[in-house]
Amino acid sequence: MKKLINDPQSVVAESVEGFGAAHADLVQVHADPLFITRRDAPVQGKVGLVSGGGSGHEPLHAGFVGRGMLDAAVPGAVFTSPTPDQIIPATLAVDGGAGVLHIVKNYTGDVLNFETAAEMAQAEGVDIRSVLVNDDVAVEDSLYTAGRRGVGGTVLVERIAGAAAERGDSLDAVAEIAQRVNDNVRSMGVALSACTVPHAGVPSFDLTDEEIEIGIGIHGEPGRHRIAMENADGITDRLLEPILADLGASASDRVLLFVNGMGGTPASELYIVYRRARQVLEDRGLAVERSLVGNYITALEMQGASISLLKLDDDMVELWDSPVWTPALRWGV
């Protein structure tokens, strides 16, 4: 294993320390327990947004802390859920009096720990709502979860709900738009190679040079099937067809197309995937009105990509286009 680390046990702490120093104008790192908030938190009168999960998916979630997205992010150990002891103070720190929305990816540990933290924060007088992200069409149950996994759609939920909160929407309204985004987004991914968790020291699964895993999870969980390597257009079609079928997308639908890298795939290859996906969508009469391409929810250094497709409405488009200023996503400011 070759990684730019000092000690496998200190990867998260040292990475977050560096992240906080690099973006000190936008975020504040709280070390014990570990969580990250907006530099100006709490914003009085605004709904606070908190998300989190295991580290190793950067820039998710800390990279999306800032204006127009999250108020706080809570990082666990690599591929390990954060604890209630982290989530509770993060929630309290961003409560500006309008309540707090928890955005939770559907993994068993995340769900249980955010539920516990929500109960404790409510006992402290904070009004809490929670939205569960479960956009992965690849499998119903996996190593880390019961039901569908939360993957690329998480970025879109955080962005659009964060924009609604920044606009001044009520807690119930922010929760409603977050749920609406989740209900209208579907995702699926592929792995060309495995990732190596620092404290494990070995790849999380085995793939030969001739194999790929269709429907992989963001922790390396098994997908739908393992097949021989094929060209980018063929792989893109294999990801997009189940998404379209599950979403019930049809001609005249307005969509946001998000092609995400798993951490080890160059941008040039992601744009080849985007090119094919857009061709397929437009050939079917769908209008690709907004796009996002890049490494936004990763699995360490895994080679691969995911496609997310969101059916849009006017309110989602307005919120997507509104100003956002975070370490990893920024426009309009």
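Val78 lies in strand S4 (72-78) of this predicted model; helices (H or I, at least four residues) and strands (E, at least two) are DSSP runs, numbered from the N terminus. Val78 is buried, with 8% relative accessibility; buried means under 20% relative accessible area, exposed over 50%, and partly exposed in between (1.4 Å probe, protein chains only). The model is predicted, and local features need pLDDT of at least 70, side-chain atom pairs count only at pLDDT 80 or more, and totals for chains, interfaces and linings use all residues. Residues are numbered from 1 along each chain as its sequence is written, and side-chain values use heavy atoms, with hydrogens and water left out.

**Surroundings of Val78**

- Not counting residues up to four places away in sequence, Val78 touches Val12, Ser55, Val197, Pro198, His199 and Leu300; contact means heavy atoms within 4.5 Å.
- Val78 and Gly304 are 226 residues apart along the chain, and their C-alpha atoms are separated by 19 Å.

**Domains and their interface**

- The protein chain is divided into domain 1 (10-183) and domain 2 (185-324 + 327-331); these bounds come from an automatic or database domain assignment.
- The C-alpha centres of domain 1 and domain 2 are 22 Å apart.
- Domain 1 gives 46 residues to the contact, and domain 2 gives 46 residues.
- About 3800 Å² is buried between domain 1 and domain 2, with 66% of this area from carbon and sulfur atoms. Buried area is the accessible area (1.4 Å probe) that two parts lose on being put together, summed over both.
- Of the area that domain 1 buries against domain 2, 17% comes from Val137, Leu156 and Arg159, more than from any other three residues.

- Five salt bridges are counted between domain 1 and domain 2; a salt bridge is a side-chain nitrogen of Lys or Arg within 4 Å of a carboxyl oxygen of Asp or Glu.
- A salt bridge joins the side chains of Arg148 and Asp246, with an N to O distance of 2.6 Å.

**The side of domain 1 that touches domain 2**

- Helix H1 (11-22), helix H4 (153-167) and helix H5 (171-183) each supply at least two residues of this side.
- H4 gives the largest share, eight residues.
- By class, this side has 25 nonpolar, 10 polar and 11 charged residues. Ala, Val, Leu, Ile, Met, Phe, Trp, Tyr, Cys and Pro count as nonpolar, Asp, Glu, Lys and Arg as charged, and the others, Gly among them, as polar.

**Buried loop residues**

- Ser193 is in the loop between strand S7 (185-191) and strand S8 (211-214) and counts as buried at 17% relative accessibility.
- The side chain of Ser193 reaches the backbone nitrogen of Gln303 at 3.2 Å.
- Neighbours within four places in sequence aside, Ser193 is in contact with Phe205, Leu207, Met302 and Gln303.
- Ala138 is in the loop between strand S6 (128-133) and H4, and its relative accessible area of 7% makes it buried.
- Beyond four places in sequence, the contacts of Ala138 are Arg149, Ser187, Met188, Gly215 and Arg224.
- The C-alpha atoms of Ala138 and Val202 are separated by 25 Å, with the two residues 64 apart along the chain.

**Backbone geometry**

- Most residues other than glycine have a negative phi, and most peptide bonds are trans.
- The peptide bond from Glu58 to Pro59 is cis, with omega near 15°, and Pro59 lies in the loop between strand S3 (48-55) and S4.
- Leu60 and His61 are joined by a cis peptide bond with omega of about -5°; His61 is in the loop between S3 and S4.
- Ser252, not a glycine, has a positive phi of about 85°. Ser252 is in the loop between helix H6 (232-247) and strand S10 (254-261), and it is exposed at 60% relative accessibility.
- Leu300, also a residue other than glycine, has a positive phi near 55°. Leu300 is in the loop between strand S11 (287-294) and strand S12 (304-311), and it is partly exposed at 22% relative accessibility.

Key:
Polar contact = N/O pair within 3.5 Å; in protein donor to acceptor, adjacent residues only side chain to side chain.
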